[in-house]
Amino acid sequence: MIVFDRVSKVYPDSSIALEEVTISIEPKEFVSIVGPSGAGKTTLLKLFLAEEKPTLGAVYYDSINIHTLSKKEMDTFRRKIGMVFQDFRLLPNKTVYENIAFTMEAAGRTDEEIESDVPHVLELVDLSPKIWNFPRELSGGEKQRVAIARALVNEPDVIIADEPTGNLDPANTYDIVQILKKINDLGTTVILATHNKGIIDLLKKRVVAMERGKVVRDEKTSKYFV
Amino acid sequence: MTKIKRILRSGFFNFWRDSTVSLASVLVMMVTLLVIGLISFSGAILDTTLAELRNKIDVNVTFVTTAKEEDILNIRHTLESLQEVSLVTYITREEALTEFKERHASDPSILAALDELDFNPLGAVLNIKARDPSQYASVAEFLESDNTLSPGGITIVDRINYFQNKEAIDKLTRIISSADKLGFALTLFLAIISMLIAFNTIRLTIYIARDEISVMRLVGASTTYIQGPFVVVGVIYGVTAGFLTLLLLLPMTYWLGSTTEGFFIGFNIFSYYLRHFLEIASIIMVSGVLIGALSSILAIRKYLKV
């Protein structure tokens, strides 16, 4: 269970990104966080990844305040989370295979596991033919599927997707959303930040709406009103 | 073990795949190592030239013709026991005469004048070499004050050329000691500047990879696992640049050696390079590896804070 407990974040330039946000997310839930640019969606995700520290309040994962973790514990915690970004953030000097293998290596998996799991997860996102290509040789949709495969391969408890379809055309957007839904059906918590109305309508899952750093709506199955 | 293997493999791949950046870094590193290499040459050149100059300084004590050999040998013995003195050579009156004749072999008038005399007008000489040019003053002082030079109250010393050459000796001593200091300061300065340049180049290559590093951080890779490949790449830069520098020094010193041999008294850079190859190679290689690895470790720290 993930809990944001009265979390506020003020950046050094005094801009308020989050103000007293309280959200709890159950295991295996699919939550979409929606809102216009600057609403605080990305900051919320960054706080969960401990890329940023909250100014006030705390973020808990399974009752542990994640901002009190040591460096080593942080590495272990981050391995339980898969991340998908709008700009893909693949390692440019590594092939598709190596990009995914890197995450497994970081988690201390054996060579045998890597050799069997990487092709398998690429099959899942339908990208097997591109296994030896470099990121620069892939289209936007393909890059995002590599990113999802990378996020999935360590069988994480939670997948975080920050505007994963922001750079994609409608057909690719639909594919990516279907993949995320499938992942959730298999039992992984998914937190999706987006401002794409079509995605929300398609999903019919819980929606948390944010505006200017505050939660303005939280509905079990909702349509996108913002 | 698997971890080390993966770090090495990843480092090699990064070096190879980012070939433009690698080439630029290796070239810059080569300049640094070349400077370090040339510094060791200039040190050797300075040392041999200074040693050569030091050798040229000496003090001659010329005795009167009536001085007894026994007294002279006594003085020689006392001088040899002094700490400041490294060598005392005794030149007898006959030897002095032969030397004089040889030196003026092309001047018949002097030889004729010498033949006119029916005795040897030259006194015996003690040639004294001190361990350090600055010590001639104390040797000369000793000779002045020591009364063995005047057994029975009559001095047997005709002249000590230190007092005639004092100014020249002092000047040379000053030049030698400031050349030593200047050489050291310049060496240090050049070495630091070139290392900073290499460090900055590696820092730039890591700056280019900063997004990658943050992604690695976010997928939960440990510090060593992120840092390792960058350090490996730094070491490869160092080894490659070191190897190329050693190769480049061969034609460079060959050319410099023949053109500058006359200038640096009897010092040939090329043969010095060949004779001290192992020593120079290890200085350059170790510098390359250290600069590469340390630069990577220092430069990457900033991006590991995520």
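Where is the place of A:E155 in chain A? The legends below take up that question along with several other close-ups, and the model they describe is predicted.

**Figure 1. A:E155, a residue with a positive phi in a loop of chain A.** Most residues other than glycine have a negative phi.

**Figure 2. A:K204, in the loop between helix 7 and strand 9 of chain A.** Here is another positive phi to look at: A:K204, a residue other than glycine, has a value near 55°. The loop that holds A:K204 runs between helix 7 (197-203) and strand 9 (206-211) of chain A. A:K204 counts as partly exposed because it has 13 C-beta neighbours inside 10 Å.

**Figure 3. A:Y60 in strand 4 of chain A.** Strand 4 covers residues 56-61 of chain A, and A:Y60 is part of it. Leaving aside residues up to four places away in sequence, A:Y60 touches A:V3, A:D5 and A:N65. With 15 other C-beta atoms within 10 Å, A:Y60 is partly exposed.

**Figure 4. Helix 3 and helix 5 of chain A, packed with their axes 8 Å apart.** Helix 3 (residues 96-106) and helix 5 (residues 140-152) of chain A pack at an angle of about 25°. The two helices are therefore roughly parallel to each other. Their crossing is right-handed. On the helix 3 side of chain A, look for A:V96, A:N99, A:I100 and A:T103, which meet A:V146, A:A149 and A:R150 in helix 5 of chain A. Sorted by class, this contact has 4 nonpolar, 2 polar and 1 charged residues.

**Figure 5. Helix 2 and helix 9 of chain B, crossing at roughly 55°.** Moving to chain B, we find the axes of helix 2 (residues 19-56) and helix 9 coming within 8 Å of each other. Helix 2 and helix 9 of chain B are therefore oblique to each other, and helix 2 passes helix 9 in a right-handed crossing. Helix 2 of chain B brings B:S25, B:V26, B:M29, B:M30, B:L33, B:L34 and B:G37 to this contact. They meet residues of helix 9 of chain B that include B:Y237, B:G238, B:A241, B:L244, B:T245 and B:L248. The residues of the contact divide into 10 nonpolar, 6 polar and no charged.

**Figure 6. Helix 9 and helix 11 of chain B, with axes that come within 8 Å.** How do the axes of these helices cross, and at roughly what angle? Helix 9 (residues 223-260) and helix 11 (residues 277-301) of chain B cross at roughly 150°, and the two are therefore roughly antiparallel to each other. Helix 9 of chain B passes helix 11 of chain B in a right-handed crossing. This contact holds 16 nonpolar and 9 polar residues, with no charged ones. In helix 11 of chain B, the buried residues include B:I280, B:I284, B:G288, B:I291, B:S295 and B:A299. There is a handy length check too: at 1.5 Å a residue, the 25 residues of helix 11 of chain B should span 36 Å, which agrees with end C-alpha atoms 36 Å apart.

**Figure 7. B:L143 in helix 6 of chain B.** Helix 6 of chain B covers residues 136-145, and B:L143 is found in it. B:L143 counts as buried because it has 20 C-beta neighbours inside 10 Å. B:D132 is 11 residues from B:L143 in sequence, and their C-alpha atoms are 17 Å apart in space.

**Figure 8. The side of chain B that touches chain A.** How many residues of chain B are in contact with chain A? Chain B contributes 15 residues, which contact 15 residues of chain A. Helix 1 (2-17) and helix 8 (210-218) of chain B each supply at least two residues of this side. By class, the chain B side divides into 6 nonpolar, 4 polar and 5 charged residues.

Conventions
Residues numbered from 1 in each chain as written. Chains lettered and ligands numbered in written order. Predicted model: local features only at pLDDT ≥ 70, side-chain atom pairs only at ≥ 80, totals over all residues. Axes fitted to C-alpha atoms, helices over the stretch in contact; angles between N-to-C directions. Helix = DSSP H or I, 4+ residues; strand = E, 2+ residues; numbered from the N terminus. Parallel < 35°, antiparallel > 145°, perpendicular 65-115°, else oblique. Left-handed = near helix turned anticlockwise from the far one by under 90°. Nonpolar A, V, L, I, M, F, W, Y, C, P; charged D, E, K, R; others polar. Expected span 1.5 Å × (residues − 1). Buried ≥ 20, exposed ≤ 12 C-beta atoms within 10 Å, placed from the backbone. Contact = placed C-beta atoms within 7 Å.
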